[in-house]
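Please open the structure in a viewer and keep the sequence at hand.

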Amino acid sequence: MSPKNFKKLRIIRTKLDKLDNSLIKLIKIRTSLVKDVLKLKTSKKEIVDKKRIKLILKNVKNKSIKLKIDPRITDRIWKNMIQAYIEFEKRNFK
């Protein structure tokens with residue numbers, strides 16, 4: 001890699017790191033909201049809402065297409081995030 005490209009790479013990686021920090025803050029907010037939702041559930045059966053998951057994934061796909069983002073990327077991210085939060089809710093259900 002040329003020195004010029006290496007410098008460009010460092011700049012882009014710095015931007016990515018800043019963006020990752022912003023995402024972490026958003027995940028913290030999302031986790032807090034999930035905790036609030038979990039407090040309202042009276043049964044572990046309520047943790048997985050297949051209709052809602054389907055709707056969320058459909059909306060993410062439509063928004064991705066509209067914003068010219070490869071929907072395979074956002075689909076995978078959201079499916080993983082949803083699964084992680086389902087597991088979180090199951091671990092924290094009282």
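The stops that follow begin with the overall view and then turn to single residues.

**Before starting**

This is a predicted model, in which local features need pLDDT of at least 70 and side-chain atom pairs count only at pLDDT 80 or more, while totals for chains, interfaces and linings use all residues. Residues are numbered from 1 along each chain as its sequence is written, and side-chain values use heavy atoms, with hydrogens and water left out.

**Whole chain**

Display the protein as a cartoon: 3 helices and 0 strands are present, and the order along the sequence is α-α-α. The radius of gyration is 18 Å, well over the 12 Å that the globule rule gives for 94 residues, so the protein is more spread out than a compact globule. That radius is taken over C-alpha atoms, and the rule is 2.2 Å times the number of residues to the power 0.38. Helices (H or I, at least four residues) and strands (E, at least two) are DSSP runs, numbered from the N terminus. Along the principal axes, the C-alpha atoms fill a box of roughly 60 × 25 × 15 Å.

Next, colour by burial. Of the 94 residues, 17% count as buried; buried means under 20% relative accessible area, exposed over 50%, and partly exposed in between (1.4 Å probe, protein chains only).

**Select Ser2**

Ser2 is found in the segment before H1 and is partly exposed, with a relative accessible area of 33%.

**Select Lys41**

Move to the loop between helix H1 (3–40) and helix H2 (50–66), where Lys41 lies. Is Lys41 buried or exposed? Lys41 is buried, with a relative accessible area of 17%. Its side chain reaches the backbone oxygen of Glu46 at 3.4 Å. Leaving aside neighbours within four places in sequence, Lys41 is in contact (heavy atoms within 4.5 Å) with Glu46, Ile47, Glu89 and Phe93.

**Select Lys68**

Continue to the loop between H2 and helix H3 (71–92), which holds Lys68. Lys68 is exposed, with a relative accessible area of 77%. Inspect its backbone as well: Lys68 has a positive phi of about 60° although it is not a glycine. Most residues other than glycine have a negative phi.

Conventions: Polar contact = N/O pair within 3.5 Å; in protein donor to acceptor, adjacent residues only side chain to side chain.
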